[in-house]
Amino acid sequence: MTAPDAWEALDEWSDVPAFDDRPDELIVFSAHPDDETLGVGGLLARAAVDGIPVRVVVAAACDPGRMDELDAALATLGLPTAPAAAPLALGLPDGALKHHADDLRTAIAEILDTPSDAGNRLVLAPWTGDRHGDHRTLGREVVAAARERGRRVLLYPVWLWQWGTPADVPWRRVREVVLDAGERSSKRTALAAFASQLRTSHNPDGVLEPGFVERAADGREVVIEPPEPADQHFERMHHERDDPWRVRTRWYERRRRAVLAASLPRERYGRAVELGCSIGETTSVLADRCDELIAVDGSASAVEAAAERLRDRPNVVVERMRVPQEWPAAADHGTDLVIVSELAYYLAEDEWDAVIDRIVGSLAQGGEVLLCHWTGDSDDFAQSGEAAHARFRERSGLRPVVVHRDEEFVLEVLR
C-alpha cells in the first residue's frame, strides 16, 4: 500500500493537466454505492453548483440500506433528490459482474441510448485498471458502449489509492480535478453517509479503512482517459515500429520462446494454429515442429510483417482475423496443437469462453493446447493471465500435462 502522503508527494503530478471540461450532462456509472463519491465526489459537487444534470447508475450491491446511504450522500453533494433524479439500481450480483456481462451490456446500452438534449454528454465509469473485478468489468463495458455511440467517456480510480502503486498509474492519460474548499467539504461530508461501509470500532466489518477515506477526502481527485481500443492499439504499434515489443531482442521474449518450444511434449505436430502471432517470431519456432501451421492476428500490419518473415516457409499460412468472431476454416478439420500466447488477458470473460469453445471444438483426438501469459498487470487487461488459464482449465475439461510458472510468466500444455 502506498501511503497518502507518498501519493501526494510524487513528482509526476507536475506534468498532470487539470480537468476543465464543462459538460451539459453527466452519466456516472458506479459498481457499488459509494464508488462514485470516493472517486469523483468533488466533481459531482461541482456539477451540482453549476446546475449540470447528473444521472447515477449503480450496477451491484443495490440493497435498500446502501441505496439509502447513496441518496443521502448525493443530497449532501447538492444533487437533486426527487424520484426522477434518484440513482438507478441495476441490481446485479455483487462481486460477479463479469458473469453477467450480457445483462450489463444491455442495461448500459439502454441508458446511453436514452434521448437527451445535452450536446456535450460526459460518461464516467470506474477505472479499468482498478484492483476490483466489478470495477474493471463495468469500466470496460461502459467504455465499449460509449465509444460505439460516440460518447466521451472518462474513468475514475477508487482502489488504486489503497492497493496500487505509482507504477500502476497511466500518467499520460491522467487529468486532475482540482477541487476548491467547498467541493472538498461536500465530499468529506458525503463520504460519512456510507456508515455501513466505514470501518470503525463499532463496525469492524466495514471495508473502507479510515486512512483510505481520509485520502479520498483530502487527496487529489483524478479522471483517466480510457486506453486505446485493443485492435487500434495493436495496429498502431505494429504500423509505427517493426518490433513493437522487442520480441527479437528482449531476454524475456527470447527466454519465453525457448521455454515454449521445450515444453511441447511431441517432437512433431501435424496441423497447428497460433492465435495472436504478431510479427511471427514464435511462429518461426513453431514452424520447425509442425507440418502445417496457421498463424492469425487481428493487426493488418502484424500479419504483413509475419508473412514477410515466413515467406520461405511453405508450411505456414498467415491470416488476418479477429477471434472468436472469426476462426481459421482449416482448424475445423482437426487441429493437433493450438497456441495462445500473450493474448487471453485482452479478452473479456465471455469472449474468452467463446475462444475456449472454439479451441476445444477444433482439436483432433489427443490434441494439445499451449497457453503462455505474463503474470503482470495492465489497465487494458480484461483479466489476468492466471485467471485466463484457470478459466480454460475449468471450461475445457482438459488437464495440464506440462506446467511452468515463474515470477514473469505462466505456461501450461493441456490435453
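In helix H13 (residues 349-362), the buried residues are Glu349, Trp352, Asp353, Val355, Ile356, Ile359 and Ser362. Buried here means under 20% relative accessible area, exposed means over 50%, and partly exposed lies in between, with a 1.4 Å probe and protein chains only. The structure is a predicted model, in which local features need pLDDT of at least 70 and side-chain atom pairs count only at pLDDT 80 or more, while totals for chains, interfaces and linings use all residues. Residues are numbered from 1 along each chain as its sequence is written, and side-chain values use heavy atoms, with hydrogens and water left out.

The buried residues of H13 pack against S8, S11, S12 and helix H14 (385-396). Contact means heavy atoms within 4.5 Å. Helices (H or I, at least four residues) and strands (E, at least two) are DSSP runs, numbered from the N terminus. The length of H13 fits its residue count: at 1.5 Å a residue, its 14 residues should span 20 Å, and its end C-alpha atoms are 20 Å apart. The expected span is 1.5 Å times one less than the number of residues.

The axes of H13 and H14 come within 10 Å and cross at roughly 50 degrees. H13 is therefore oblique to H14. Axes are lines fitted to C-alpha atoms, for helices over the stretch in contact, and angles run from 0 to 180 degrees between N-to-C directions. Angles under 35 degrees count as roughly parallel, over 145 as roughly antiparallel, 65 to 115 as roughly perpendicular and the rest as oblique. The crossing of H13 and H14 is right-handed. A crossing is right-handed if the near helix is turned clockwise from the far one by less than a right angle, and left-handed if anticlockwise. On the H13 side, the residues involved include Trp352, Asp357 and Val360; H14 contributes Ala388, Arg391, Phe392, Arg395 and Ser396.

Seven strands form an open sheet with mixed pairing, in the order S10-S9-S8-S11-S12-S14-S13. Its edge strands are S10 (316-320) and S13 (400-405), each pairing on one side only. Two strands pair if DSSP finds at least two bridges between them. The twist from one strand to the next averages 15 degrees. Strands S8 (residues 269-275) and S11 (residues 335-341) run parallel and are joined by four bridges. Glutamate 274 has isoleucine 339 in S11 as its bridge partner. Helix H10 (residues 251-263) lies across S11, S12 (363-374), S13 and S14 (409-414). H10 runs at about 20 degrees to S14.

Strand S1 (residues 25-30) has six of its six residues buried, so it is largely enclosed by the rest of the structure. Both faces are covered. Glu25, Ile27 and Phe29 are buried on one side, and Leu26, Val28 and Ser30 on the other. S1 runs parallel to S4 (residues 121-126), with four bridges between them. Glutamate 25 stands opposite arginine 121 in S4. S1 also runs parallel to S2 (residues 54-60), through five bridges. Here isoleucine 27 stands opposite arginine 55.

Helices H7 (residues 181-191) and H8 (residues 210-218) pack at about 155 degrees, with their axes 8 Å apart. They are therefore roughly antiparallel to each other. H7 passes H8 in a right-handed crossing. Arg184, Lys187, Arg188 and Leu191 of H7 make the contact with Val213, Glu214, Ala216, Ala217 and Asp218 of H8. Glutamate 183 is also found in H7. Glutamate 183 is buried, with a relative accessible area of 8%. Neighbours within four places in sequence aside, glutamate 183 is in contact with Gly42, Ala45, Arg46 and Val178.
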